[in-house]
Amino acid sequence: MQIEVTNAPSPTLPRRRGRGSRFGFSTLLPYTPRHGRTCPGHPRASRNGVDARDKRGHDARYLLAMTMSALLCAAFSVTPAHAYKAYISNEKGNSVTVIDTEKLEATATVKVGRRPRGVALNKDGSELYICAGDDDAIQVLDTKTLKVTGKLPSGPDPELLALSPDGNVIYVSNENDNLVTLIDVKKKEMIGDIPVGVEPEGMAVSPDGRLLVNTSETTNMAHLIDTQSKEIVANILVDGRPRFAEFKKDGSELWVSSEVGGTVAIIDPVKRELKQKISFDIPAMSKEAIQPIGISITRDGKRAFVALGPANRVAVIDAETKKIEKYLLVGQRVWHLAFTPDEKYLLTANGVSNDVSVIDVASLKVVKSIPVGAFPWGVVVAPQ
Amino acid sequence: MKSLVAAVCLLLLASPLAAEALNVKVGVLRETHSRETLSILDIPAADDTLAGVLLGAADNNTTGKFTNQSFEATDVRLEEGDDVIAALDSLIEKGALFIIADLSPERLLAAAERAKPKGALLFNVSATDDRLREADCRANVIHVAPTRSMLADGLAQYLVWKQWRRWLLFKGSHPRDELLAQALRASARKFGAKIVEERVYEDTGGGRRSDSGSVQTQRQIPMLTQNAPTYDALIAADESDVFANYLPYRSWDPRPVAGSAGLMPTNWAPAHEQWGALQLQNRFIQTFRRLMNSRDNAAWLAMRMIGEAATRTASNDPEKLRLYMLDKDFSIAAFKGVRLTLRPWNLQLRQPILLSDGRMVVSVSPQEGFLHQVSELDTLGVDEPETKCRLK
C-alpha cells in the first residue's frame, strides 16, 4: 500500500479546496490570490513549482507578498495599455463583472440571470449576450448602460454560443434536446435548428462564416456543419467530453478541447479530418486533474493558450509545432480565456478561486489576479 | 424523397466514420430487489436498472446516427428461484453478447462461467462484493459498480479529513452486513480511524411498516446506543436495511451517522448535479418520471462503455471491445469530474465515490491529500499490490 495522508486540516481552519468542491470555502475567506505575479525587476512573489500542494491549498502569507508586489508593479509599470472592457460571467454570483484592462481592476458588477456562463459580444461591442442557463434564456446586456434590455429565445439551459462573423446569427447549443439552435439577432427569432450528438456544447464559426462546429459532450464528436445548407458535413471523433472549439484566424486549423480525455484535437477543416492530438503532462499532477477547456490562439496563429481546469494552469503551446512551451500557474479551476484586442493580455476566468488571472502575452508571465464575483466562468473583451 | 436519400448518402460519404451498419445487441439480466426498505423513498421501481440501460442505449443511438451503429437492449427479469443459466442462454441465442448484470454474486459467477465458452462479456452493475474482484474475479466480467472497500474508503477518507476518527460501529446481523463491517474495519486501519466499540443489531424479522412505528423506534434507538465509549461518528453497516435509517437524530449521544444511513458513500445520488450531471439527471427524469438511483447509473454507464468502445473500434465483437476498454487510452466520462478507467488487474472501474445524505452530495472522495503513485482513484479499494485476483 503506497498511500500517504497529507494536508489533513484542523476542523476549525478549513482550507480552500480544489477539485471536488465547487462549493468550497473561498467565498467565506478573505481573498488570497495564490499565483505568481511578477513585474520587471522584481522577484516572483510566489513560487511556480509543480509540487502537489500547488493545485490545492495555498498560504495566506502570499497575500502580503502579492500586495507588496502589486504596489511595486503599479509604481514601475510604464507600458501604456488600452482601456478595453472585459466582461466576466460569474456562474454562482448570477452577475457579470466588468474589468478595465488598463487599470486591471473590476469597475462594475451587474446582476444578471441565473447561472450565467457563455458570453459573447456583438460586432460593435454594444451588446453582450449572456447564456443564463437556469433562466433558460440568452440575456442581452447593453454595454453602455449596463442594463439587461431583453432576451433572445433559446432552448432550455443554454451554455455556450457563437456569433456569425457578420454578427447576424447566433448559434447556441441546446443541451437537453441535442440540437444546435440558430437565432436571428436583429429579429430576436429562432430561425432553425440542427440535430447533433448528445449534449452539444462547444460552438465556433470559421472566420469565413461558412463552417460551424459543434462539439457534443457525450457523443464525443466535433460536428462540422455547413452554415448555408445547415447540414452536417462531417463528424469527427475526438476524446472524451469535448467542451470548446476554436478556429485559427486564417481558418487553417480547428482546435477542440476534450475535458475528460485530457487532450486537444487539431482538425483540418478543409480536409475535414483529425490531424493530431496534443496531450499534457505536468510533473507531480495526476492525469485526471488535467482537463483542457478554454482555448485562445493569437491572431498570427503562432501561439495557443489552453486552460487546464482543475490543474490550475494555462498551457502555452507553439501553435505551429504544437510543442508545449510552458505551463502558467493561474487561479483554481480555470475555465475560459480571452485576449485583449491588442493581444497584450490574456484574461483567464478561474472558477474556484473567484478571480481573473492576467497573463502578459509577450513575457508569458501571470502579472495580476483580479477578484471578481462567485465562480467566474466565461470571459470576453470588447473590441474598443 | 429521392433528393433526401441522395443527401443522406452524401452525408455518409462525407463522414470519415461512415461505415457499414453495425448493430450491437445488449442483454439485461436483473434480479428483483427487495421492496422491504425502511424508507419508502428507496422502494425500487419496476424499471429499476433497466431505465439506466435504456437511457444509455438512447444516448448511444444518437451517436450511432453519425457512425451508422445501432444499439438495442433485451430485458430479462429474474424472480427468486429462476434459472440464471436459462435466462442467459435465451439472451445469447438472440445474439446479445454484452450482458448488463444486476445479479447476486452467486448468480453472477454462474452466468460468467456459462458465458465464457460463448464469448459473452458481462458488466456487473450492482454487486459490491470484493471477492468478485479478488479471489473470484473473472476475465469476462467488468465491474462498473464500486466495491464495498471502495465505498468504505471513500467514506473513511472524508471522516478522517473531518477529524472524526473515533467510530462506534453498529452492524446488522446478516452476512452482507458483516461484509460491509469488514470493509469499514479495513478502511479504519488504512486511514487511521479507530473503532471504539462494535454493536450488533439483531434482525428479529418482521415488516418495515406499521402505523405509529416511530413511537417505539424513538425509545428503542437511544437505549441501543447508550453507554458507548467516547466516539465521533456512529457508523452503520446495514445493507439489509433493517435499522440504519432509524439511527439519525435518535442516538443516545448527539453524533453524526454515516455508512448505511446519514452520510452514505455511493456511486450515484439523485441529487448529484456537478460536472454536467444535471443534464443526465434531467434526461433521466424526463424519460422515466423518477429519480436515477445508483443501479440505474451503473447500468447507464455500462451501456455508455459499450457504446464508446463500439464507436472507437467500429466493432461489436466482445473480445475486441474488452481489449479496447483495457487499453491505457480508454477512458469514459461519467459526470464525476474526472475520467474513469479500468483497473487492468481485476476489471474494476476506477471512480470517485459520492458522499450523500440523501438530499445533497456533501463531498466527493478521494479527498485531497490522499495521494497515490498511479491514480488518486486507486486510494479507494483494494489496490494492485494487495490483489488476489488472477484473471482467467
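**View 1. A cis proline sits in a loop of chain B.** Pro366(B) is found in the loop between β14 (361-365) and β15 (370-371) of chain B. Like every view here, this one comes from a predicted model. The peptide bond to show is the one from Ser365(B) to Pro366(B). That bond is cis, and its omega is near 10°.

**View 2. Strand β8 of chain B is enclosed.** Strand β8 covers residues 233-237 of chain B. How many of its 5 residues are buried? The count is 5 of the 5, so β8(B) is largely enclosed by the rest of the structure. In a regular strand the side chains alternate between the two faces of the sheet. In β8(B), Ala233(B), Ile235(B) and Ala237(B) point one way. Leu234(B) and Ala236(B) point the other way. Residues of both sets are buried.

**View 3. β8(B) has parallel pairings with β6(B) and β9(B).** Strand β6 (residues 166-172) of chain B pairs with β8(B) over 5 bridges, in the parallel sense. In this pairing, Phe170(B) stands opposite Ala236(B) of β8(B). Strand β9 (residues 257-259) of chain B is joined to β8(B) by 3 bridges. These two strands also run parallel. Here Ile235(B) stands opposite Ala258(B) of β9(B). The two β8(B) residues named in these pairings, Ile235(B) and Ala236(B), point opposite ways from the strand.

**View 4. Helices α3 and α4 of chain B pack obliquely.** Helix α3 spans residues 84-93 of chain B, and helix α4 spans residues 105-118 of chain B. Their axes lie 9 Å apart and meet at an angle of about 40°. That angle makes α3(B) oblique to α4(B). The crossing of α3(B) past α4(B) is right-handed. On the α3(B) side, the contact is made by Val84(B), Ile85(B), Leu88(B) and Ile92(B). On the α4(B) side, Arg107(B), Ala110(B), Ala111(B), Arg114(B), Ala115(B) and Lys118(B) take part. Sorted by class, the contact has 7 nonpolar and 3 charged residues. No polar residues contribute.

**View 5. Chain A is built with 29 strands and 1 helix.** This view turns to chain A, with its 1 helix and 29 strands. Chain A has 384 residues, of which 53% count as buried. Now take contacts in chain A between residues at least 6 apart in sequence. Of these, 47% join residues at least 24 apart.

**View 6. Strands β9 to β12 of chain A form an open sheet.** The sheet has 4 strands, in the order β9-β10-β11-β12 (chain A). The pairing is antiparallel. Which strands lie at the edges? They are β9 (158-163) and β12 (189-195) of chain A, each pairing on one side only. Neighbouring strands in this sheet are turned by 25° against each other on average, direction ignored. Pro158(A) stands opposite Asn174(A) of β10(A).

**View 7. Strands β17 to β20 of chain A form another open sheet.** Its 4 strands run in the order β17-β18-β19-β20 (chain A), with antiparallel pairing. The edge strands are β17 (242-247) and β20 (273-279) of chain A, and each pairs on one side only. On average, neighbouring strands are turned by 25° against each other, direction ignored. Strand β19 (residues 263-268) of chain A and β20(A) run antiparallel and share 6 bridges. Ile266(A) stands opposite Gln276(A) of β20(A).

**View 8. Leu104 of chain A has a positive phi.** Leu104(A) is not a glycine, yet its phi is about 50°. This residue lies in the loop between β3 (95-100) and β4 (105-111) of chain A. Is Leu104(A) buried or exposed? Leu104(A) counts as buried because 21 C-beta neighbours lie inside 10 Å, and the cut-off is 20 or more.

**View 9. Leu364 of chain A also has a positive phi.** The phi of Leu364(A) is about 55°, although this residue is not a glycine. Leu364(A) sits in the loop between β27 (355-360) and β28 (365-371) of chain A. With 15 other C-beta atoms within 10 Å, Leu364(A) is partly exposed.

Methods:
Residues are numbered from 1 along each chain as its sequence is written. Chains are lettered from A and ligands numbered from 1 in the order in which they are written. This is a predicted model: local features need pLDDT of at least 70, side-chain atom pairs count only at pLDDT 80 or more; totals for chains, interfaces and linings use all residues. A residue is buried if 20 or more other C-beta atoms lie within 10 Å of its own, exposed if 12 or fewer, and partly exposed in between; C-beta atoms are placed from the backbone. Two residues are in contact if their C-beta atoms, placed from the backbone, lie within 7 Å. Axes are lines fitted to C-alpha atoms, for helices over the stretch in contact, and angles run from 0 to 180 degrees between N-to-C directions. Angles under 35 degrees count as roughly parallel, over 145 as roughly antiparallel, 65 to 115 as roughly perpendicular and the rest as oblique. A crossing is left-handed if the near helix is turned anticlockwise from the far one by less than a right angle, and right-handed if clockwise. Ala, Val, Leu, Ile, Met, Phe, Trp, Tyr, Cys and Pro count as nonpolar, Asp, Glu, Lys and Arg as charged, and the others, Gly among them, as polar. Two strands pair if DSSP finds at least two bridges between them.
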